[in-house]
Amino acid sequence: MEWTCGGSHIAISEVKDGKIIEKTQRKITDEDRIDILDVIEETIIENVKKILNNTEEKLESIGIAVPGIVSNGVINKCVNLGIKDYDIVDRLNKKFIKYANENRKQERFKSLPVQIKLQNDAKCAAIAESKYGVLQEYESSIFLTLGTGIGGAVIVEGKLLEGKCFSGYEFGHMTINVNGELCKCGKKGCFELYGSMKYFKRNFKERLGLSQFTHSEQLLDLLKYDMALEKHDERIKQVIDEYTQSLAIGISNLINIFEPEAIGIGGSFTYFEEFLLKNLKEKILNGNLLFNPRNDIIIKSALLKNDAGIIGASML
Ligand SMILES: [Zn+2]
């Protein structure tokens, strides 16, 4: 069983051998946010009961993919949900013990509570993509999620690298412009301020004078329309060039440190891949950014898309 929460919804699935058996989602409403911890716990517990009532199989573990920083069963910070120092594992276990005690006669509830593991959602996605997705052929890889922010992970010899003091691998907050804009983390010029898809879309809308409410689908249509033209819109070319240049700087820094065999990119980047990926690769290879020059670099778009976090959490 796995739970994932991207700040806008809670998704729960039964996962077996990397395959999603059944998935349910709950949109987080403004009302839910008032008592978000209870909403999260009740949603998980209700769904665990439902799964246990519909299967003869034993529940082995619960994995939770969190869009934030986690350590030792605690969600330290989840900005999108306004959560801080939330001891979710302990609170869930207490509720499971209570529920199991009330239902002792029912054999399948005897395994409650089960082991509950937490991990950051980008790291979960990386684990899943390296075992079942786009990075499965490679022993050493880097995975990035480009969405509202930038998350990521490094896999070496099939294993996720983790920090000792803190969770680490905060790619989104490496400085790429020391005099840059102020980031919500308190530093200036962080990679995610220039390399996130949020930035790309905002810049795209501003340059073309589009409303800030323009949907991603409309941006994609504009890109497709422009691609079919003989003479391309110079403004679109500039938006793409600036964005891929920032991405190239951040990703080259990671290549120089980890020298991976391949890089996987997930998040909403995957929908815009055909307009960005080739440009990005050219900038990395030809932009004088690599310490060890390469003839080619393998960068692939994620395969498991929105399910990567859930599948990865089931593998913790
Ligand atoms: Zn930052």
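Predicted model: local features only at pLDDT ≥ 70, side-chain atom pairs only at ≥ 80, totals over all residues.
Residues are numbered from 1 along each chain as its sequence is written, and side-chain values use heavy atoms, with hydrogens and water left out.

**View 1. Domain layout.**
The domain assignment gives domain 1 (2–113) and domain 2 (135–303). Such bounds come from an automatic or database domain assignment. The C-alpha centres of domain 1 and domain 2 lie 31 Å apart.

**View 2. The zinc site.**
Four residues coordinate the zinc ion: His 173 through ND1, and Cys 183, Cys 185 and Cys 190 through SG. The distances run from 2.0 to 2.3 Å. Donors are N, O and S atoms within 2.8 Å of the metal (3.2 Å for Na, K and Ca); water is not among the atoms, so sites may look incomplete. Angles among the four donor atoms are 106 to 117°, and the site is tetrahedral. Ideal angles for four tetrahedral donors are 109.5 degrees. Along the chain, the donors follow the spacing H-x9-C-x1-C-x4-C.

Cys 183 lies in the loop between β11 and α4. Helices (H or I, at least four residues) and strands (E, at least two) are DSSP runs, numbered from the N terminus. Cys 183 and His 173 are ten residues apart in sequence, with their C-alpha atoms 8.3 Å apart in space. Cys 183 counts as buried, at 5% relative accessibility. Cys 185 counts as partly exposed, at 38%. Buried means under 20% relative accessible area, exposed over 50%, and partly exposed in between (1.4 Å probe, protein chains only).

**View 3. The tilted pair Tyr 169 and Phe 258.**
A search of the whole structure finds five aromatic pairs. In the pair of Tyr 169 and Phe 258, the ring centres are 6.1 Å apart and the planes meet at 40°, so the pair is tilted. Rings of Phe, Tyr and Trp (its six-membered ring) pair if their centres lie within 6.5 Å; planes under 30 degrees apart count as stacked, over 60 as edge-to-face and the rest as tilted. The pair links distant parts of the chain, 89 residues apart. Tyr 169 is in the loop between β11 (159–160) and α4 (191–195), and Phe 258 is in helix α7 (residues 234–258). Tyr 169 is partly exposed at 23% relative accessibility. Phe 258 is also partly exposed, with a relative accessible area of 26%.

**View 4. The edge-to-face pair Phe 200 and Phe 272.**
The ring centres of Phe 200 and Phe 272 are 5.7 Å apart and their planes are at 75°, so the pair is edge-to-face. Phe 200 belongs to helix α5 (residues 197–207) and Phe 272 to helix α8 (residues 269–286), 72 residues apart. Phe 200 is buried at 1% relative accessibility. Phe 272 is buried with a relative accessible area of 1%. Phe 200, Phe 204, Tyr 243 and Phe 272 form one aromatic cluster.

**View 5. The largest nonpolar core.**
This core has 41 residues, and Leu 144 and Ile 251 have the most contacts inside it. A nonpolar core is a set of buried Ala, Val, Leu, Ile, Met, Phe, Trp, Tyr and Cys residues joined through side-chain atoms within 4.5 Å. The elements giving two or more residues to this core include β9 (141–146), β10 (150–156), α6 (216–228) and β12 (262–267). Helix α7 gives the largest share, nine residues.

**View 6. Ile 142 and Ile 255.**
Ile 142 lies in strand β9. At 1% relative accessibility, Ile 142 counts as buried. The C-alpha atoms of Ile 142 and Ile 255 are separated by 8.5 Å, although the residues are 113 apart along the chain.

**View 7. Glu 259 and Lys 305, with positive phi.**
Glu 259 is found in the loop between α7 and β12. Glu 259 has a positive phi of about 45° although it is not a glycine. Glu 259 is partly exposed, with a relative accessible area of 28%. Phi of Lys 305 is near 45°, again positive in a residue other than glycine. Lys 305 counts as partly exposed at 39% relative accessibility. Lys 305 lies over the face of Tyr 271, at 5.9 Å from the ring centre. A charge sits over a ring if NZ of Lys or CZ of Arg is within 6 Å of the ring centre and within 35 degrees of the ring normal.

Key. Tetrahedral: all angles 85-135°; square planar, octahedral: opposite > 155°, others 65-115°.
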